[in-house]
Amino acid sequence: MDNIKKPKKPFIFYYVIVFVAIILFNALVMPKIAESKIKDVDYGTFMSMTENKQIDKVEVQYNQILFTDLEGKVVYRTGVMNDPNLTDRLYAAGAKFTSEIIEESSPILSFLLSWILPFLMFWALGHFLSKQLMKKAGGSNSMMFNMGNSNAKVYVKSSNGIRFADVAGEDEAKENLSEIVDYLNNPGKYTEIGASMPKGILLVGPPGTGKTMLAKAVAGESNVPFFSMSGSEFVEMFVGMGASKVRDLFKQAKEKAPCIVFIDEIDAIGQKREGRIGGNDEREQTLNQLLTEMDGFEGNNGVIILAATNRPETLDPALTRPGRFDRRVPVELPDLKGREEILKVHAKKIRVDADVDFLRIARMASGASGAELANMVNEAALRAVRAGRKVVTQEDLEESIEVVIAGYQKKNAILTDKEKMVVAYHEIGHALVAAKQTASAPVQKITIVPRTSGALGYTMQVEEGNHYLMTKEEIENKIATLAGGRAAEEIAVGAITTGASNDIEQATKLARSMITRFGMSENFGMVAMETVTNQYLGGDTSLTCSAETQAEIDRLVVSLVKKQYEKAKQILCSNRSKLDDLAKYLYQNETITGDEFMHILEA
Ligand code: ADP
Ligand code: ZN
């Protein structure tokens, strides 16, 4: 990984620069140093010193005369005159003729001074500068030299490795993956028969449902190294790097086989290639490299690739064909039992009151993902600490559900009295319509404490057990329940507010689905007008019908919602006194539980 190729050209330049610098140093600086020892005198002084026999050595050059006195410490210099008898006089005065009057310092020293010292100086300077540059570049420096190497993190088996037991619920997924664990533990059993393991397994499901955990658990259970990399990391920085990162990741993995390679967010690289204009070339190259690598290794070399995505429908078909990611393991949102187990798993990490009813909490947190449940347990622990308690109570956990789902309570948000009344009627309107339509779930709790999420009130519906099918009547009732808030405002306050926007959106969506996807309108029957394009992220849909049909659908949606709104209004009108009683109770107490609600309703 560290075999960095030294960039050759720059180094030659470096040497040339140092060489030139030394030449310049010798030409400009050395003479100055030498000259500092020379004393200029006039010719008369030279003549009188000659006469007085005060001259030791002398050098007559074409443009100057250098000489020393008897002590020999100072070098004198004077100009040249037309003086034909000078040599005779000097000779008579006993001067020694020489040609190297200045080079009297030791030749070794001067060599050191003129060649080695500057070289050392420039070398040190260069060294210092390059160090500074490295420091400046900081982390990115190592990245520069590591370009093209994958930074796949290696999770070598460790004692706190995640096991299947840590992943609560998700029994089908675990069962599916246990075959891989079995294969990694004793591959002989499989190769004997000639069966080969799938090379790639796709974990498919909404965010926070434990896909990463499951992949780690497979590695933990089979005691093999775990390489993990996110799809977006492949395409993050340099063009052309993604492909080489893939190559490198697989090279490392093959060396460490048997092992698990986990690619999170594989949709970042594995998106469908066709039909994209000016598409991301980089992503395409990365994907191609991934496909090549997957084809390149034999089925039984012990490298198992797990990949996670929440948008399986966007994946390129080449990626999901047999021999690549041909096995798909759904990792769905946990059901009631799953939620209870997840809560229990995470509650083990904190100190919980003995009589906490996890089932009740799981029931209240319908639709929450594993990650959200883990977050709730932590919020409950934080709440207990804030209250100065040593254990987490049922109340902490229940409150934390609301915190995670609806945002923190807004302590200082001020609702005017009138607003509070409107919100109370709105929320009771929902609940009353729901309660009066027998098939709809009763409410668990209503609060009108504003939340940071912006919701002014909050109705917690309780599902008893899991529903997988909904009848047409149930959907209609749900729409009526959603309309109940606005209907109550209209009946009791006589004005409608902006508070119903979310209800309106949901009701419209439901009504539209009934018509376009569930075949629940007489006009169209069993014809799909829409297809779901994004099953796991919000369920986006796209229309697949003509413009006239669209207009017809819009008309039907409007009349369907209108009909349910009228129904809600009618329910509320015929229970007007109950509506007032309940709203007043909620207005005064800010909270009403399901039991209190039923008590007042049945009184
Ligand atoms: P994903 O990869 O599906 O987005 P993760 O595996 O990263 O989700 O899960 C995030 C966190 O949520 C985990 O660290 C864990 O604390 C919690 N979590 C999710 N699902 C489960 C589960 N089934 N059991 C226990 N904890 C879970
Ligand atoms: Zn509402």
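Student: Which residues does Ile446 touch, not counting residues up to four places away in sequence?

Tutor: Ile446 touches Glu427, Ile428, Ala431, Tyr458, Thr459, Leu586, Glu590, Thr591, Ile592 and Phe597. Contact means heavy atoms within 4.5 Å. Before we go on: this is a predicted model, in which local features need pLDDT of at least 70, side-chain atom pairs count only at pLDDT 80 or more, and totals for chains, interfaces and linings use all residues. Residues are numbered from 1 along each chain as written, chains are lettered from A and ligands numbered from 1 in the order written, and side-chain values use heavy atoms, without hydrogens and water.

Student: What makes the nonpolar core a core, and which residues have the most contacts inside it?

Tutor: A nonpolar core is a set of buried Ala, Val, Leu, Ile, Met, Phe, Trp, Tyr and Cys residues joined through side-chain atoms within 4.5 Å. The largest has 28 residues. Ile428, Ile446, Leu572, Leu582 and Phe597 have the most contacts inside it. At least two residues each come from α18 (417-436), β12 (443-447), α19 (472-493), α21, α22 (576-589) and α23 (594-602). The top contributor is α18, with 7 residues. Helices (H or I, at least four residues) and strands (E, at least two) are DSSP runs, numbered from the N terminus.

Student: Why are α18 and α22 called oblique?

Tutor: Their packing angle is about 125 degrees, and their axes are 8 Å apart. Axes are lines fitted to C-alpha atoms, for helices over the stretch in contact, and angles run from 0 to 180 degrees between N-to-C directions. Under 35 degrees counts as roughly parallel, over 145 as roughly antiparallel, 65 to 115 as roughly perpendicular, and the rest as oblique. Therefore α18 and α22 are oblique to each other.

Student: What is the residue make-up of the contact of α18 with α22?

Tutor: It divides into 10 nonpolar, 1 polar and 4 charged residues. Ala, Val, Leu, Ile, Met, Phe, Trp, Tyr, Cys and Pro count as nonpolar, Asp, Glu, Lys and Arg as charged, and the others, Gly among them, as polar.

Student: Why are α20 and α21 oblique too?

Tutor: Helix α20 (residues 501-516) and helix α21 (residues 547-574) pack at about 125 degrees, with axes 9 Å apart. That angle makes α20 and α21 oblique to each other. Their contact divides into 9 nonpolar, 2 polar and 2 charged residues.

Student: How do you know whether Arg339 is buried or exposed?

Tutor: Compare its relative accessible area with the cut-offs: buried is under 20%, exposed over 50%, partly exposed in between (1.4 Å probe, protein chains only). Arg339 has 1%, so it is buried. Arg339 lies in helix α14 (residues 336-347). Across the chain, 43% of the 603 residues count as buried.

Student: And what is Arg321 called, and why?

Tutor: Arg321 has a relative accessible area of 35%, so it is partly exposed. Arg321 sits in the loop between α13 (317-320) and β11 (327-330). Beyond its neighbours within four places in sequence, Arg321 is in contact with Asp295 and Asp326.

Student: What makes the phi of Asn223 worth a mention?

Tutor: Phi of Asn223 is positive, about 60 degrees, although Asn223 is not a glycine. Asn223 is in the loop between α8 (211-222) and β8 (226-230). Its relative accessibility is 49%, so Asn223 counts as partly exposed.
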